[in-house]
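Please look at the sequence and the three-dimensional structure shown below. The paragraphs after them lead through the fold step by step.

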Amino acid sequence: MWPTTAEALMRSRFTAFSLKNADHLFRTWHPRTRPTDLGVDDLVTWTRLEVLGTTAGGEGDDTGTVHFRAHYRDSLGEHVLEENSSFARRAGRWLYLGPADG
């Protein structure tokens with residue numbers, strides 16, 4: 001089943017990064033903003049996701065944002081990626097657009 005909210009999609013994408021599932025990342029990235037290289041790095045271990053807040057992105061919305069912190073480990077140590085991500089519904093499915101403006 002496809003995630004029904006922007007937050008649920010964010011959580012599924014974090015899991016995909018953790019499992020190195022490039023196919024899910026490709027399918028859930030909006031084609032307008034999707035890069036050629038999806039950035040799945042075998043040397044990175046994603047360890048924890050904190051959702052800090054959402055704006056819209058519910059089952060009845062067409063757009064939304066998710067503010068999160070993603071914790072990861074690589075050869076240089078422990079790190080945190082913080083982003084306020086934009087999502088849009090296309091053909092009834094939530095897709096990741098990229099970092100939100102502002």
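The explanation begins with the sheet, then turns to the helices, and ends with charged side chains.

The structure is a predicted model.

The strands form an open sheet of 4 strands in the order S1-S2-S3-S4, with antiparallel pairing. Strand S1 (45-56) and S4 stand at the edges; each has a single partner strand, so one side of each is left without a neighbour in the sheet. From one strand to the next, the twist averages 30°. In general, the strands of a sheet pair through backbone hydrogen bonds, either parallel or antiparallel.

Two of these pairings may be followed in detail. S1 and strand S2 (residues 63-74) run antiparallel and are joined by 10 bridges. Within this pairing, Glu-50 has Arg-69 in S2 as its bridge partner. Strand S3 (residues 77-90) and S4 also run antiparallel, and 6 bridges join them. Here the bridge partner of Ala-88 is Leu-95 in S4. The hairpin of S3 and S4 has 2 residues between the strands, and in this hairpin Ala-91 takes a positive phi near 55°.

Why is strand S4 described as largely enclosed by the rest of the structure? In S4 (residues 93-99), 5 of the 7 residues are buried, so the strand is largely enclosed in this sense.

Helix H1 lies across S1, S2, S3 and S4, and runs at about 165° to S1. Glu-7 belongs to this helix, which comprises residues 6-19. With a relative accessibility of 26%, Glu-7 counts as partly exposed. Leaving aside residues up to four places away in sequence, Glu-7 touches Val-51, Thr-54 and Val-66. Between Glu-7 and Ala-100 there is a separation of 93 residues in sequence and of 14 Å in space, C-alpha to C-alpha.

Attention now returns to strand S2, where His-71 is located. Is His-71 buried or exposed? Its relative accessibility is 12%, and therefore His-71 counts as buried. Beyond residues up to four places away in sequence, His-71 touches several others, including Phe-14, Trp-46 and Val-80. The side chains of His-71 and Glu-50 are joined by a polar contact of 2.6 Å.

The structure holds 7 salt bridges. In one of them, the side chains of Arg-48 and Glu-50 meet at 3.8 Å, N to O. Arg-48 is partly exposed, with a relative accessible area of 43%, and Glu-50 is partly exposed at 23%. Another salt bridge is formed by Arg-69 and Glu-82, whose closest N and O atoms are 3.1 Å apart. Arg-69 lies in strand S2 and Glu-82 in strand S3, so this pair ties together parts that are 13 residues apart in sequence. Salt bridges that share partners join Arg-48, Glu-50, Arg-69 and Glu-82 into one network.

A further salt bridge links Arg-27 with Asp-23, with the closest N and O atoms 3.1 Å apart. Because Arg-27 and Asp-23 are 4 residues apart in helix H2 (residues 22-27), they are separated by about one helical turn. Arg-27 counts as partly exposed at 39% relative accessibility, and Asp-23 counts as partly exposed at 46%.

Methods:
Residues are numbered from 1 along each chain as its sequence is written. This is a predicted model: local features need pLDDT of at least 70, side-chain atom pairs count only at pLDDT 80 or more; totals for chains, interfaces and linings use all residues. Side-chain values use heavy atoms; hydrogens and water are left out. Buried means under 20% relative accessible area, exposed over 50%, partly exposed in between (1.4 Å probe, protein chains only). Contact means heavy atoms within 4.5 Å. Two strands pair if DSSP finds at least two bridges between them. Axes are lines fitted to C-alpha atoms, for helices over the stretch in contact, and angles run from 0 to 180 degrees between N-to-C directions. A polar contact is a pair of N or O atoms within 3.5 Å; within protein, one must be able to donate a hydrogen and the other to accept it, and residues adjacent in sequence count only if both atoms are side-chain atoms. A salt bridge is a side-chain nitrogen of Lys or Arg within 4 Å of a carboxyl oxygen of Asp or Glu.
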